[in-house]
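Hi there,

Here is the structure I promised to pass on.

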Amino acid sequence: MKRILVTNDDGVLSQGLTALAQALSRLGTVTIVAPTREASAIGHALTLHHPVRFDRISENVYALDGTPTDCVNIGIATILGGLPDLVASGINKGLNLGDDVTYSGTVAGAMEGALLGVPSLAVSLERTKAPYEFADAAEAAARVAGAILDRGLPARTFLNVNVPGGKPKGFRVTVQARRNHVTTVSALQDPRGRPYYWIGEAEDSYYPHDRSDYQAVQDGFVSVTPLQPDLTAHDALKLVEEMRFSSDGDRE
Ligand code: MN
């Protein structure tokens, strides 16, 4: 029986988490280790400066007072006591596309799995006006997870899956979109007259690209993007080498 570790960033009570765990249970034994409280937009944060605790809240479900990255680490080191066959993170309430993936706790959960040597995926569902309906996203996640268990993934690679609202038309393998970054910050005043600020979510504006994750979801397809933790800008290596930071005498 395959062992599957499921986490998320919306918290252990999220219906998206339950839907994902349920869909994956046909592929193996699922253990949920998820944050006690919502930890969205927490990125790849790892808790190092205070203790982390977890509670077993039901059979194979653990609530941990930390980040998704904490959940994957403690899930593997302590709760499972070894590497699972798959780490799955989600189903997030809201897409994680393009440049936004670095903010995402959902994506970071899968990235941590990949860094620890486990084939991993993150799954996110488009926000719509209607209440979230996770069934199609859970089905899509199970299909992708089944393929990963079947074929494996290259080392340090994980899949970022984004599901459109409504019935998906199929799957598209995509690249990350580039967001046209415009952040809105609202300046307000608290009841004591001190200013405070509220960072707004950026507008959904992306540079057009036929192959992008954003375009796939716009067109009604499930987007599947292979990602890796290595952010090295290979095209910039030559330029940076030519910068000559050290004085001539120290140069090798
Ligand atoms: Mn979230």
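Below are the metal site, the ring contacts, the helix packing and a few backbone points.

First, some housekeeping. This is a predicted model, in which local features need pLDDT of at least 70 and side-chain atom pairs count only at pLDDT 80 or more, while totals for chains, interfaces and linings use all residues. Residues are numbered from 1 along each chain as its sequence is written, and side-chain values use heavy atoms, with hydrogens and water left out.

**Metal site**

The manganese ion is coordinated by D9 (OD), D10 (OD), S40 (OG) and N92 (OD1), at 2.1 to 2.3 Å. Donors here are N, O and S atoms within 2.8 Å of the metal (3.2 Å for Na, K and Ca), and since water is not among the atoms, sites may look incomplete. Along the chain, the donors of the manganese ion follow the spacing D-D-x29-S-x51-N. Both D9 and D10 are buried (buried means under 20% relative accessible area, exposed over 50%, and partly exposed in between, with a 1.4 Å probe and protein chains only).

**Rings**

There are 3 aromatic pairs in the structure. Rings of Phe, Tyr and Trp (its six-membered ring) pair if their centres lie within 6.5 Å; planes under 30 degrees apart count as stacked, over 60 as edge-to-face and the rest as tilted. One of the pairs is F54 with Y62, which is edge-to-face at 5.8 Å centre to centre, with 80 degrees between the planes. F54 is partly exposed because its relative accessibility is 32%, while Y62, at 14%, is buried.

**Helix packing**

Helices (H or I, at least four residues) and strands (E, at least two) are DSSP runs, numbered from the N terminus. Axes are lines fitted to C-alpha atoms, for helices over the stretch in contact, with angles from 0 to 180 degrees between N-to-C directions.

Helix α1 (residues 15–24) packs on helix α4 (residues 135–151) at about 45 degrees, with the axes 9 Å apart. That angle makes α1 and α4 oblique to each other (under 35 degrees counts as roughly parallel, over 145 as roughly antiparallel, 65 to 115 as roughly perpendicular and the rest as oblique). Helix α2 (residues 68–80) and helix α3 (residues 105–115) cross at roughly 30 degrees, and their axes come within 8 Å. The two are therefore roughly parallel.

**Backbone points**

Most residues other than glycine have a negative phi, and most peptide bonds are trans. The peptide bond from G90 to I91, however, is cis, with omega near -5 degrees, and I91 is found in strand β5 (residues 86–93). A41 has a positive phi, near 60 degrees. A41 sits in the loop between β2 (29–35) and β3, and is exposed at 61% relative accessibility.

Best wishes
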